[in-house]
Amino acid sequence: ADPAEVDDYLRQAITASLAGDHAAARAVFDALLEPIGNADIDLGQDETVDEVLSVDLHECVRRYVAAVYATTPIGERADTMLHAIEAAHGFSYMRDPIEELTTALGETPPDLDAFLPMWIERLERDAKPASDWESDRERWLRAAVGRRDGVVGLERIARSTKRPEAARAWCDALVAAGDWSKVLSVGEQQRVAFAR
C-alpha cells in the first residue's frame with residue numbers, strides 16, 4: 001500500500017472520530033491497524049511503520065479504542081476493547097486505556113460505571129504476576145481498580161502484589177487525599193519490606 005494513501009485514510013478516521021462518527025472511524029481503523037501490525041499490509045518500508053507514516057499513530061490507537069468502546073454492546077465491550085488494544089499494541093504505548101479513552105472522547109465515557117466492573121474482571125483473568133516487572137495488564141488493572149475503588153482499592157492491590165509500582169500508586173493517592181500520617185506509615189512499611 002502507498003503510505004501516503006494510508007496516511008490519508010487514517011486522517012479521515014481521526015476526523016470521523018472527532019465528529020462523533022465512531023462507526024466510520026472504527027471501520028477504517030479495523031481495516032488498517034491490525035493488518036499493518038501483522039504485516040498483512042506492506043507499506044514498502046525497511047523502517048518501522050512510524051517512520052513511513054506521518055499520521056500520529058498514538059492518536060489513531062486512542063481514537064480506535066474510543067470507537068470500539070462506543071460501537072460495542074456493553075456486554076462484549078471489555079473483550080473487544082482488549083482485542084483492539086492488542087491489535088494496535090505495536091503502534092503505541094498505552095499506560096491507562098480508560099484515561100486514553102476519556103481523552104479521545106473529551107469526557108467521561110458513557111456507561112463507565114457499568115463498564116468498569118466488567119473491565120476489571122476481564123483484566124483479572126490475565127493479570128497474573130509473571131515476572132518481577134509489572135505487566136501492562138497488571139498496570140491497567142491497578143488503574144481501573146483505583147478509578148473504581150479509590151485509595152482502598154489501591155491499598156488492596158499494593159498489599160496483595162507487594163509491587164513497588166502498586167505501593168507508589170497507593171502513596172500517590174494518599175498524598176492526593178492529604179492523608180499524610182498514612183503516607184508516612186506506608187512509606188515506613190515499604191522501607192522495612194525492602195530492607196529484608
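Q: What should I know about the model before I start?
A: It is a predicted model, in which local features need pLDDT of at least 70, side-chain atom pairs count only at pLDDT 80 or more, and totals for chains, interfaces and linings use all residues. Residues are numbered from 1 along each chain as its sequence is written, and side-chain values use heavy atoms, with hydrogens and water left out.

Q: How many helices and strands does the protein chain have?
A: Helices (H or I, at least four residues) and strands (E, at least two) are DSSP runs, numbered from the N terminus. Here the protein chain has 10 helices and zero strands.

Q: What span does helix α7 reach?
A: The expected span of a helix is 1.5 Å times one less than its number of residues. Helix α7 (residues 112–126) has 15 residues and reaches 21 Å from its first C-alpha to its last, close to the 21 Å expected.

Q: Which residues of α7 are buried?
A: Buried means under 20% relative accessible area, exposed over 50%, and partly exposed in between (1.4 Å probe, protein chains only). In α7 the buried residues are Leu 112, Phe 115, Leu 116, Trp 119, Ile 120, Arg 122 and Leu 123. They cover an arc of only 170° around the axis, which puts them on the same side of α7; the arc is that of the directions from the helix axis to the C-beta atoms.

Q: Why do residues three or four places apart point the same way?
A: An α-helix has 3.6 residues a turn, so such residues point the same way. In helix α7, Phe 115 and Trp 119 are four residues apart, so about one helical turn separates them.

Q: How many aromatic pairs are there in the whole structure?
A: Rings of Phe, Tyr and Trp (its six-membered ring) pair if their centres lie within 6.5 Å; planes under 30 degrees apart count as stacked, over 60 as edge-to-face and the rest as tilted. A search of the whole structure finds three pairs. One of them is edge-to-face, because the rings of Tyr 69 and Phe 115 have centres 5.1 Å apart and planes at 85°. This pair links distant parts of the chain, with Tyr 69 in helix α4 and Phe 115 in helix α7, 46 residues apart. The rings of Phe 115 and Trp 119 have centres 5.7 Å apart and planes at 25°, so that pair is stacked.

Q: What do the ring pairs link into a cluster?
A: They link Tyr 69, Phe 115 and Trp 119. Tyr 69 counts as buried at 1% relative accessibility, Phe 115 is buried at 0%, and Trp 119 is buried at 0%.
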